[in-house]
Amino acid sequence: MLPKAGNSAGASSLAQLPDGRIAAAWLANSGDDGRSAAIWFSRLGKNGWSKPVPIANRESTASGIFANVGQLSGPVLYAEGSWLHLWYASTTLGDNGGSAINHSVSTDAGESWMKPTRLQTSPFANNSTHIQSPPVPLRDGGLGLPIYHDFIARHGEWLRLSATGQILDKVRMINDVPTLQPSVIALDEQRAIAALHDTGPGPGKVRIAITRDGGQRWQDEETASIPNPNTPVALIRLNSGQLLLAGNGQEGRGALSLWLSADEGKSWQASRTVEAAADGGAEFSAPVLLLGRDGRIHLTYTWRREGIKHVSFTEAWLATGRQP
């Protein structure tokens with residue numbers, strides 16, 4: 001378990017620092033109304049996880065963006081050279097109204113952080129724009145940031161940022177049903193796929209959107225053969241070229257499972273169940289995947305909404321069943 005930082009925990013994120021350490025950020029709340037939530041930060045070294053420190057809260061966000069702040073959500077970490085990026089969303093009108101994405105940077109491996117700035121992703125007060133998954137590096141030095149819109153129409157979006165952080169373009173991901181929380185990986189310089197979950201009504205499945213022109217257009221592909229109870233999924237590409245997806249399947253939030261694809265997401269095979277329990281309080285959700293530079297796979301997820309659990313394993317374990 002990551003160090004406890006509150007009575008409840010939400011989404012998490014992972015990044016690998018230049019010195020090889022794994023950094024984690026997650027949302028934790030010490031109260032009941034969400035207004036005491038903060039984003040906490042810790043690093044995994046040879047002696048385990050460091051003492052967590054808050055790196056963003058309502059007060060620090062409000063002072064950076066010069067606006068009232070209601071609740072926080074996210075976060076997303078991304079290491080780029082000596083820079084460590086943090087994106088997270090905050091609301092200005094209650095629980096969901098006016099939700100927009102904020103961006104902060106650390107140049108000292110998370111010891112200190114610049115004041116956040118707000119990304120102006122929409123002309124309509126950034127209403128209900130959220131972030132869940134890490135960006136994809138682009139050939140021009142910029143980043144492709146998967147975000148999503150959760151107000152009336154629900155859909156994923158692709159935000160293209162320049163090498164200096166300016167917003168260059170935003171493209172909607174087209175799906176046949178309402179979808180949320182895209183997780184994106186690149187297949188080559190022009191092709192990328194996004195895994196999203198559909199929001200119903202009825203039993204949901206993981207949805208796949210693909211771009212073949214560097215993110216200029218995203219089109220719905222055949223639904224992946226993975227049931228999903230309207231919960232987030234995480235997607236990475238392994239060193240072998242296989243795709244690894246983590247999420248909740250037919251059992252609902254009471255089981256967190258892994259699937260593999262050897263054909264760029266056209267078909268999927270169940271691989272492993274990371275954790276499962278049958279009691280009413282069981283919830284293992286909001287997975288995050290990171291492929292370390294040594295080939296080891298890191299996974300964090302929300303554990304019973306009480307904290308964040310970290311698991312690491314090898315690709316061989318996925319294939320042979322050896323212990324992590």
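**Note on the predicted model**

1. An open sheet is built from 4 strands, in the order β6-β7-β8-β9, with antiparallel pairing. Its edge strands, each pairing on one side only, are β6 (72-80) and β9 (117-118). Strands here are DSSP runs marked E of at least two residues, helices are runs marked H or I of at least four, and both are numbered from the N terminus. Two strands count as paired if DSSP finds at least two bridges between them. Strands of a sheet pair through backbone hydrogen bonds, either parallel or antiparallel.

2. This is a predicted model, in which local features need pLDDT of at least 70 and side-chain atom pairs count only at pLDDT 80 or more, while totals for chains, interfaces and linings use all residues. Residues are numbered from 1 along each chain as its sequence is written, and side-chain values use heavy atoms, with hydrogens and water left out.

3. Val76 has Trp87 of β7 as its bridge partner.

4. A further antiparallel pair consists of strand β13 (residues 153-161) and strand β14 (residues 167-172), joined by 5 bridges. Leu161 lies opposite Ile167 in β14. The hairpin of these strands has 5 residues between them, and Gly165 there adopts a positive phi near 95°.

5. Leu235 belongs to strand β20 (residues 234-237). Its relative accessible area is 4%, and it is therefore buried (buried: under 20%; exposed: over 50%; partly exposed: in between; 1.4 Å probe, protein chains only). Leaving aside residues up to four places away in sequence, Leu235 touches Ser183, Ile185, Ile193, Ala195, Leu243, Leu244, Leu245, Trp268 and Leu289; contact means heavy atoms within 4.5 Å. Leu235 and Val288 are 53 residues apart in sequence, with a C-alpha to C-alpha distance of 8.1 Å.

6. The chain as a whole holds 2 helices and 26 strands. Along the principal axes, the C-alpha atoms fill a box of roughly 50 × 45 × 40 Å.

7. Of the 324 residues, 55% count as buried. Among contacts in the chain with a separation of 6 or more, 41% come from residues 24 or more positions apart.
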